Amino acid sequence: MKRLAGLDHVKAGVRLPAFAPDEHGSGIVHLGLGAFHRAHQAAYTDNALAAAGGDWRIVGVSLRGTATAAALNPQNGLYTLIERGATGTSARIIGSISRVLTAAQGTTGILETMADRSTRIVSLTVTEKAYGIDRAKRTIDRSHPAIDADLADPRHPAGVLGLIVEALRLRRQAGIPPFTVLCCDNLPENGALLRAGVVSFADAIDAELGLWIGQNVSFPSTMVDRITPAATEETLAEARRLTGCEDHAAIETEPFSQWVIEDDFPLGRPHWEAGGAIFVSDVAPYERMKLRMLNGTHSMLAYAGFLSGCTHVRDVMAAPALARLVARHLQAAAATLEPLAGIDFGDYTRQLTERFSNPAIAHETYQIAMDGTEKLPQRLLKPAVELLDKDGDIRPFAFAVAAWMRYCLGRRDDGSAYALRDPLEARIRNLLAGVDDKDAAAVAGALHALPGLFPQELSRSQTWRRAVERALSAMLETTMGEAIRREVRAMEPSSNMPGAE
Ligand code: CS2
């Protein structure tokens with residue numbers, strides 16, 4: 001079977017790029033070329049190129065590893081995007097990525113491309129933990145390894161903030177206007193946060209550069225959404241079957257996709273509307289909705305699901321008791337939001353329930369469980385603080401946080417161990433080392449002491465602590481499965497849950 005490298009051998013019926021990829025230059029450098037970018041922004045850019053043309057292809061950058069480059073470069077950046085819905089599967093070939101650079105031999109080539117006049121946007125999906133921003137102080141986190149290393153040698157950066165600052169410095173020096181920085185990670189007010197981090201990093205090496213960046217560089221915020229599991233051998237086999245070509249870079253995703261963006265691109269942007277992107281003046285309420293309803297519920301179901309034997313999100317939705325807690329969490333998260341024009345949270349809830357239940361998507365709970373300390377603040381802790389302040393019902397959030405704490409113990413109910421896969425894993429293990437793991441107050445107490453994670457409004461609140469300990473003690477006394485059933489039994493008939501009696 002021929003490797004996908006051109007479009008000639010692709011089976012009839014597969015949707016091809018509706019533009020000639022080679023005829024378009026690049027205008028975007030994307031840092032973090034994972035599955036999500038290829039299922040989301042690259043697909044929107046493919047639609048935009050087809051609809052409105054322009055030199056907007058994407059130069060992808062893999063900051064860690066060379067596997068993506070080895071998969072995509074021999075394919076001229078082409079790959080299969082498989083959409084799997086409840087009613088069927090379809091495949092399209094994406095032509096918006098031109099080539100992939102890696103940091104394996106240093107970042108000089110990456111910096112040159114970022115600093116080149118043709119680059120007008122630098123976008124990012126590097127995951128929450130890669131930035132090295134202290135989110136409470138909105139400054140660089142000097143204890144982050146990439147920040148520390150890049151401050152010591154700012155002309156040869158390896159980390160995200162270091163690369164952006166050095167590329168902007170090179171452009172300023174050459175009299176080239178700055179690119180727009182587009183953060184596409186699941187962080188609250190991601191553009192403003194990244195701006196604070198970049199300016200803080202620049203300030204630390206050259207205050208004048210920091211000032212110039214603050215005044216001249218645009219960092220629109222975005223809300224990005226598409227559930228995209230990590231690709232597996234099965235994904236690649238499906239791509240071969242559908243396209244008739246060998247494809248080492250195929251990705252599978254759900255049919256749903258959403259992108260809300262602040263329209264602030266001084267050097268222009270692709271016509272992303274063609275793929276359905278929405279441009280608004282303030283993304284924050286959309287981000288909050290998605291982070292609290294989709295991602296917050298995801299985190300709850302990931303910890304509770306992983307520990308009760310649900311490998312995939314779809315298994316959670318097929319487990320009646322846990323599915324009830326999913327419904328409860330969605331409702332509780334929606335109740336923390338201000339109304340949003342044009343959005344019905346009931347419809348959004350139904351849509352999420354359907355998406356989570358998609359039988360064709362094998363999205364692992366263990367994948368979502370990763371990096372909990374980076375995810376909890378915006379997904380679960382912030383809404384809990386707001387609810388506590390209003391005397392609201394914190395129970396769903398306390399249950400979710402307790403499930404994360406139970407997960408932090410690193411062993412299943414049968415005693416078998418797993419890696420937490422969290423940047424604070426070593427710290428968490430140290431904190432829990434001498435603690436009696438049957439004692440909910442002791443476990444919760446130790447984890448509430450993790451530096452920088454829990455806001456004081458929670459760690460100092462007896463109401464919050466009691467609610468977490470109550471949920472956690474059920475999880476420690478029995479199995480996670482039994483704790484879930486107890487939680488459902490304790491749900492009050494008055495909680496408006498369908499069938500909650
Ligand atoms: C998930 C997200 O892994 C996770 O933490 O909650 O990756 C989620 O699937 C995406 O944000 C969906 O857009």
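Which residue has a polar side-chain atom 2.6 Å from an oxygen atom of the ligand? The residue is Asp-225. The points below concern a predicted model and take up the ligand site, the domains and the charged pairs.

1. **Ligand surroundings.** Eleven positions are concerned here: Asn-186, Asp-225, Arg-226, Ile-227, Lys-290, Asn-295, His-298, His-363, Ile-368, Lys-375 and Arg-379 surround the ligand.

2. Asn-295 places a polar side-chain atom 3.0 Å from an oxygen atom of the ligand. For His-298, an N or O atom of the side chain is 2.8 Å from a ligand oxygen atom.

3. **Domain division.** The protein chain falls into two parts, domain 1 covering 21-280 and domain 2 covering 284-496. Their centres, taken over C-alpha atoms, are separated by 29 Å. To the contact, domain 1 contributes 30 residues and domain 2 contributes 28 residues.

4. **Area and polar contacts between the domains.** About 2200 Å² is buried between domain 1 and domain 2, with 54% of it on carbon and sulfur atoms. Twelve residue pairs, both members at pLDDT 80 or more, are in polar contact between the two domains.

5. **The domain 1 side.** The elements giving two or more residues to the side of domain 1 that touches domain 2 are strands S3 (79-85), S10 (222-225), S11 (251-253) and S12 (258-262). S10 supplies the largest share, four residues. By residue class, this side of domain 1 divides into twelve nonpolar, nine polar and nine charged residues.

6. **Salt bridges across the interface.** Side chains of opposite charge can pair when their charged atoms come close. Five salt bridges are found across the interface of domain 1 and domain 2. Separately, Glu-128 and Arg-379 meet through their side chains in a salt bridge, at 3.9 Å from N to O; with a cut-off of 4 Å, this pair therefore qualifies. Arg-379 is also one of the residues surrounding the ligand.

7. The overall count comes to 30 salt bridges. Glu-254 lies in the loop between S11 and S12, while Arg-355 belongs to helix H13 (residues 345-357); the two are 101 residues apart, and the pair links distant parts of the chain.

Methods. Residues are numbered from 1 along each chain as its sequence is written. This is a predicted model: local features need pLDDT of at least 70, side-chain atom pairs count only at pLDDT 80 or more; totals for chains, interfaces and linings use all residues. Side-chain values use heavy atoms; hydrogens and water are left out. Domain bounds come from an automatic or database domain assignment. Contact means heavy atoms within 4.5 Å. Buried area is the accessible area (1.4 Å probe) that two parts lose on being put together, summed over both. A polar contact is a pair of N or O atoms within 3.5 Å; within protein, one must be able to donate a hydrogen and the other to accept it, and residues adjacent in sequence count only if both atoms are side-chain atoms. Ala, Val, Leu, Ile, Met, Phe, Trp, Tyr, Cys and Pro count as nonpolar, Asp, Glu, Lys and Arg as charged, and the others, Gly among them, as polar. A residue is near a molecule or strand if one of its heavy atoms lies within 4 Å of it.
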